[in-house]
Amino acid sequence: MVKKVYNIILADDHELLISSLTEMINEEDNMHVIKTVNSGDELITTVQNTPFDLCIIDLNMPGLNGLETSKILIKE
């Protein structure tokens, strides 16, 4: 049986957290971080051009925060 690999985009403005989460997620056989971004605006642009299965979004990013970004992504 072929195991599905889930492609994940991480959005957070803290580099240490991004790198730690990326390392932890990529250790799993069925998950892979395909892109990391540092802002809501960057995430919106990224999801329009990148096939993915899951976004993990920080709620407290400067500028367009995670909640506002999520609402925009759900609408689209």
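Which backbone nitrogen does the side chain of Asp58 reach? Select Asp58 and Asn60 and you'll find out: the Asp58 side chain gets to the backbone nitrogen of Asn60 at 3.0 Å. That is a polar contact, meaning a pair of N or O atoms within 3.5 Å, where within protein one must be able to donate a hydrogen and the other to accept it, and residues adjacent in sequence count only if both atoms are side-chain atoms.

Some ground rules before moving on. This is a predicted model, so local features need pLDDT of at least 70 and side-chain atom pairs count only at pLDDT 80 or more, while totals for chains, interfaces and linings use all residues. Residues are numbered from 1 along each chain as its sequence is written, and side-chain values use heavy atoms, with hydrogens and water left out.

**Colour by confidence**

The protein chain has a mean of 94, and 100% of its residues reach 70 or more. Among the elements, strand 1 has the highest mean pLDDT (98) and helix 3 (residues 66-75) the lowest (93). Helices here are DSSP runs of H or I with at least four residues, strands are runs of E with at least two, and both are numbered from the N terminus.

**Two buried aspartates**

Stay on Asp58 for a moment. Its place is in the loop between strand 3 and helix 3. Asp58 is buried yet has no salt bridge, and the nearest side chain of opposite charge, Lys71, is 15 Å away. Buried means under 20% relative accessible area, exposed means over 50%, and partly exposed is in between (1.4 Å probe, protein chains only). A salt bridge needs a side-chain nitrogen of Lys or Arg within 4 Å of a carboxyl oxygen of Asp or Glu. For charge, Lys and Arg count as positive and Asp and Glu as negative; His and the chain ends are not counted.

Now show what surrounds Asp58. Leaving out residues up to four places away in sequence, Asp58 touches Ala11, Asp12, Asp13, His14 and Gly66, where contact means heavy atoms within 4.5 Å.

Hop across to one of those, Asp12. You'll find Asp12 in the loop between strand 1 (6-11) and helix 1 (15-26). Its relative accessible area is 7%, so Asp12 counts as buried. Asp12 has no salt bridge either, with Lys35, the nearest side chain of opposite charge, 15 Å away. A polar atom of the Asp12 side chain does sit 2.8 Å from the backbone nitrogen of His14. Beyond its neighbours within four places in sequence, Asp12 is in contact with Leu17, Ile18, Val37, Asn38, Asp58 and Met61.

**The nonpolar cores**

Next, select Ile9, Ala11, Val37, Leu43, Val47 and Met61: these six residues form the largest nonpolar core. Such a core is a set of buried Ala, Val, Leu, Ile, Met, Phe, Trp, Tyr and Cys residues joined through side-chain atoms within 4.5 Å. Strand 1 and helix 2 (40-49) each supply at least two residues of this core. Apart from it lies another core, of five residues, including Ile8, Leu10, Ile18 and Ile25.

Zoom in on Ile9. Not counting residues up to four places away in sequence, its contacts include Ile34, Leu43, Val47, Phe52 and Ile56.

Asp53 is partly exposed at 36% relative accessible area, and Lys4 is partly exposed at 45%.

While you're there, select Asn7 in strand 1. Asn7 touches Asp53, among others such as His32, Pro51 and Leu54. With a relative accessible area of 25%, Asn7 is partly exposed.

**Last stops**

Move to Ile57 in strand 3 (residues 54-57). Is Ile57 buried or partly exposed? Partly exposed, with a relative accessible area of 23%. Ile57 touches Ala11, Leu43, Gly66, Ser70 and Leu73, not counting residues up to four places away in sequence.

Finish on Ile74 in helix 3. At 73% relative accessibility, Ile74 is exposed. Draw a distance to His32, 42 residues apart along the chain, and the C-alpha atoms are separated by 22 Å.

Key: pLDDT = per-residue confidence, 0-100.
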